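Trainee: I am new to this structure and would like to learn how to read it. Could you walk me through it?

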Amino acid sequence: MAEAWVLNGPNLGRLGRRQPEIYGSTTYQELVGLCEGWGRGLGLEVEVRQTNHEGLLLDWLNEAADRAVPVVLNAAAWTHYSYAVYDACAQLTAPLVEVHLSDPARRPEAFRHTSLVTPHAAAVVAGHGVEGYRLALEALVAR
Ligand code: DQA
């Protein structure tokens, strides 16, 4: 079965408890199970990871580049200011799909209106909550 990684950045491990009015009530553990199931349905072996440590995300992206693993990435707040994440995404060799639970472009904070991931993404899915991860996996398969 083809492999794909779903990589999540800071604070997403608290999904379900973190500002549910914005991010929904599905827990991170539930999201993991959903992504694995959606992946199986698409013929993908999906591995879901989350970290609050930027260097670890960079290590994962570097490994994805070396091994040509397709990636669905929710870089969370790093999306908006991390040039290291920008550089790591730039060297990916397999498709990258950017996902966000909320739609950062429609949120009031101006800092959310910039994405350093989008320039390298084959597709962007935003504002569809947890369901967006299913759409992102489908977009990955379509590439
Ligand atoms: C987010 C949007 C980001 O602006 C925010 O910093 C997050 C989550 C989302 O999934 O909606 O942590 O990436």
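Mentor: Axes are lines fitted to C-alpha atoms, for helices over the stretch in contact, and angles run from 0 to 180 degrees between N-to-C directions. Helices are DSSP runs (H or I, at least four residues), numbered from the N terminus. This is a predicted model, where local features need pLDDT of at least 70, side-chain atom pairs count only at pLDDT 80 or more, and totals for chains, interfaces and linings use all residues. Residues are numbered from 1 along each chain as its sequence is written, and side-chain values use heavy atoms, leaving out hydrogens and water.

Trainee: At what angle do helix 2 and helix 5 pack?

Mentor: Two packed helices are described by the angle between their axes and the distance between the axes. Here, helix 2 (residues 28-41) and helix 5 (residues 131-142) pack at about 30 degrees, with axes 10 Å apart. That makes helix 2 roughly parallel to helix 5 (angles under 35 degrees count as such).

Trainee: Which residues of helix 2 and helix 5 meet?

Mentor: Contact means heavy atoms within 4.5 Å. From helix 2, L31, C35, W38 and G39 meet E131, Y133, R134 and L137 of helix 5.

Trainee: Which residues are around the ligand?

Mentor: A residue counts if one of its heavy atoms lies within 4 Å. Among them are R18, Y23, N74, A77, H80 and L101. For polar contacts, look for a pair of N or O atoms within 3.5 Å. A polar side-chain atom of N74 sits 2.8 Å from a ligand oxygen atom, while a polar backbone atom of L101 is 2.8 Å from an oxygen atom of the ligand.

Definitions and conventions:
Helix = DSSP H or I, 4+ residues; strand = E, 2+ residues; numbered from the N terminus. Parallel < 35°, antiparallel > 145°, perpendicular 65-115°, else oblique. Polar contact = N/O pair within 3.5 Å; in protein donor to acceptor, adjacent residues only side chain to side chain.
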